[in-house]
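User: I am new to this structure and would be grateful for a close look at a single part. Please take the salt bridges and the elements around them.

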Amino acid sequence: MRQSGSHASHMSLRDLKQLIKTGEGTFLEFKRVISSPEKIAREICAFANTSGGNLLIGIDDDKSIIGVESYQEQEFLLEQAAHIICAPPIEYSMEVLPYYLRDIMVVRIHEAADKPVFVVTDEGSMAFIRNKDKSQRASREVIHVLRNETNGEGVTFEFGTNERMLLRYLNEYERITVREFSGLVNISKRRASRILVDLVSAGILRLFSHEKSDYFTLSH
């Protein structure tokens with residue numbers, strides 16, 4: 001649901017320049033222009049699946065303010081991305097700041113109450129998360145953890161031999177991947193994944209997303 005109303009601007013140009021100065025990161029992404037609903041859907045999906053964030057449209061990667069010619073056209077593409085390509089639909093609010101004869105769009109993406117949010121295209125559906133200044137595809141494990149967070153159900157599991165071997169390994173080596181755990185205790189990757197995800201949801205492990213391979217550590 002869009003909450004942009006009449007796009008009345010509460011942010012001053014000075015505030016905007018301060019925000020730009022901080023640079024792209026977990027909560028901030030610059031876009032010169034929205035080129036397609038599919039591309040922008042990945043960015044807003046990543047924010048919604050993580051902790052929300054701001055999308056500044058009309059700003060180049062080098063932090064220069066360029067502006068867009070018509071925010072209405074850009075907003076149309078944004079709305080398609082948020083409400084048609086993303087499922088469930090993503091909530092956002094928007095401000096438009098005039099900059100000379102152009103516009104800067106400040107789009108606030110709210111953290112989704114119902115995770116994971118997927119980007120649905122002809123090729124299938126994918127979830128994305130925000131990792132530092134990048135929006136990256138969520139692994140199967142991340143998707144399961146997000147789902148468990150949303151369900152809010154306590155995860156019950158038996159603390160057996162596999163779990164004890166896992167904790168001994170982590171005390172010594174500090175991190176482990178699904179593949180390493182599967183080899184360590186000689187179980188399928190699917191089962192290894194499920195055990196690790198349950199331990200994350202129970203607060204015993206932490207899951208770190210990495211472009212090459214996710215890994216798990218003890219939560220303390």
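Analyst: A residue is called buried here when its relative accessible area is under 20%, exposed when this is over 50%, and partly exposed in between. The model under discussion is predicted. In it, R130 is buried, and E43 is buried as well.

These two residues form a salt bridge, in which the closest N and O atoms are 3.5 Å apart. R130 belongs to strand β7 and E43 to helix α2 (residues 37-49), so the pair ties together parts that are 87 residues apart in sequence. A second salt bridge links K31 with E29, with 3.0 Å between the closest N and O atoms. E29 has a relative accessibility of 6%, and therefore counts as buried.

A further salt bridge joins the side chains of K134 and D133, at 3.7 Å from N to O. K134 is partly exposed, its relative accessible area being 44%. D133 is likewise partly exposed, at 32% relative accessibility. Through salt bridges that share partners, E29, K31, E43 and R130 are joined into one network. The count of salt bridges comes to nine.

Strand β7 (residues 124-131) runs antiparallel to strand β8 (residues 134-137), and four bridges join the two. Within this pairing, N131 stands opposite K134 of β8. The two strands form a hairpin with two residues between them, and K132 in the turn has a positive phi of about 55°. Strands of a sheet pair through backbone hydrogen bonds, either parallel or antiparallel.

Strand β4 pairs with strand β5 (residues 102-109) in the antiparallel sense over eight bridges, and P98 stands opposite D103 of β5.

How values were computed: Residues numbered from 1 in each chain as written. Predicted model: local features only at pLDDT ≥ 70, side-chain atom pairs only at ≥ 80, totals over all residues. Heavy atoms only, no water. Pairing = 2+ DSSP bridges. Salt bridge = Lys/Arg side-chain N within 4 Å of Asp/Glu carboxyl O. Buried < 20%, exposed > 50% of the residue type's maximum accessible area, 1.4 Å probe, protein only.
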